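The following exercises concern the reading of a protein model. Each task is followed by a solution in steps.

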Amino acid sequence: MTTGPTPTPGQTVGPFFHYALPFPGDRDLVAPGSTGAVRLHGTVRDGGGAPVPDALVEIWQADSQGRVPGKSGSFRRDGHTFTGFGRASTDRAGDYTFTTVLPGRVDGGLPFFSVVVFARGLLDRLFTRAYLPLDGAAPDRLLTSLGSRAELLVVRPGDDGLRFDITLQGHDETPFLAYPRHSCSH
């Protein structure tokens with residue numbers, strides 16, 4: 001009697017992201033203090049509401065004119081080329097921050113940041129969106145599908161830039177998106 005290979009348990013992603021993947025300037029898509037610069041920040045929390053001190057958050061975005069950058073060099077910041085990509089590790093309080101510009105509308109859609117989260121205990125990265133406040137605009141299909149939940153909207157807490165908190169699971173879980181080609185199950 002022959003038997004096939006025995007399945008092995010999946011391996012989680014992390015908790016090495018916060019110290020192994022950062023690079024110089026990773027969180028500054030534009031230079032702090034430059035014209036049009038805004039601060040995007042928030043806290044990553046687990047299902048029990050505790051901060052996740054060893055997560056990594058990435059953003060991908062269009063420029064202020066709604067153009068998706070096609071330039072290489074995301075990992076080598078030169079101080080003036082906007083690549084639309086940033087990476088920030090969380091601190092002990094689970095906080096992350098980026099210096100960037102407000103994304104413009106792409107193809108007439110609502111402006112948003114694409115957000116990717118890597119954290120301990122996850123079998124794969126998580127994808128979500130952080131939409132700019134609607135300011136009278138009609139929600140798109142994704143926002144409409146969430147009903148009264150507004151977890152994908154960033155808030156403007158006074159002069160402190162834009163805030164987008166991420167909850168990994170539980171009652172207040174941030175809505176995450178599924179992309180079949182990025183699935184970890186085969």
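Helices (H or I, at least four residues) and strands (E, at least two) are taken as DSSP runs and numbered from the N terminus. The model is a predicted one.

**Exercise 1. Overall architecture**

Task: State how many helices and strands the chain contains, and in which order the elements run.

Solution. 
Step 1. The chain has 2 helices and 8 strands.
Step 2. Read from the N terminus, the order is α-β-β-β-β-β-β-α-β-β.
Step 3. For contacts between residues at least 6 apart in sequence, 67% join residues at least 24 apart.
Step 4. Of the 186 residues, 37% count as buried. The chain exposes about 10800 Å², and 54% of this area is supplied by carbon and sulfur atoms.

**Exercise 2. An aromatic pair**

Task: Classify the geometry of the pair formed by Trp 60 and Phe 85, and determine whether each residue is buried, partly exposed or exposed.

Solution. 
Step 1. The structure holds 3 aromatic pairs. One of them joins Trp 60 and Phe 85, with 4.4 Å from centre to centre and 50° between the planes.
Step 2. Planes under 30 degrees apart count as stacked and those over 60 as edge-to-face, the rest being tilted. The pair of Trp 60 and Phe 85 is therefore tilted, as its planes make an angle of 50°.
Step 3. Trp 60 belongs to strand β2 (residues 56-60) and Phe 85 to strand β3 (residues 85-89); the pair links distant parts of the chain, 25 residues apart.
Step 4. Buried means under 20% relative accessible area and exposed over 50%, with partly exposed in between. Phe 85 counts as buried because its relative accessibility is 2%, whereas Trp 60, at 42%, counts as partly exposed.

**Exercise 3. Positive phi angles**

Task: For Asp 107 and Asp 135, give the phi angle, the location and the exposure.

Solution. 
Step 1. Most residues other than glycine have a negative phi.
Step 2. Asp 107 has a positive phi, near 55°. Asp 107 is placed in the loop between β4 (95-100) and β5 (112-118), and its relative accessibility of 80% makes it exposed.
Step 3. Asp 135 also has a positive phi, about 45°, without being a glycine. The loop between β6 (126-131) and α2 (141-145) holds Asp 135, which is exposed with a relative accessible area of 66%.

**Exercise 4. Separation in sequence and in space**

Task: Compare the sequence separation with the C-alpha distance for Pro 53 and Thr 90, and for Glu 173 and Gly 49.

Solution. 
Step 1. Pro 53 and Thr 90 are 37 residues apart in sequence, and their C-alpha atoms are 5.5 Å apart. Pro 53 sits in the loop between β1 (38-45) and β2 and is partly exposed, at 31% relative accessible area.
Step 2. Glu 173 and Gly 49 are 124 residues apart along the chain, with their C-alpha atoms separated by 10.0 Å. Glu 173 is found in the segment after β8 (166-167) and counts as partly exposed, at 29% relative accessibility.

Definitions and conventions: Residues are numbered from 1 along each chain as its sequence is written. This is a predicted model: local features need pLDDT of at least 70, side-chain atom pairs count only at pLDDT 80 or more; totals for chains, interfaces and linings use all residues. Side-chain values use heavy atoms; hydrogens and water are left out. Buried means under 20% relative accessible area, exposed over 50%, partly exposed in between (1.4 Å probe, protein chains only). Contact means heavy atoms within 4.5 Å. Accessible areas come from the Shrake-Rupley method with a 1.4 Å probe; for residues, only the protein chains shown count as cover. Rings of Phe, Tyr and Trp (its six-membered ring) pair if their centres lie within 6.5 Å; planes under 30 degrees apart count as stacked, over 60 as edge-to-face and the rest as tilted.
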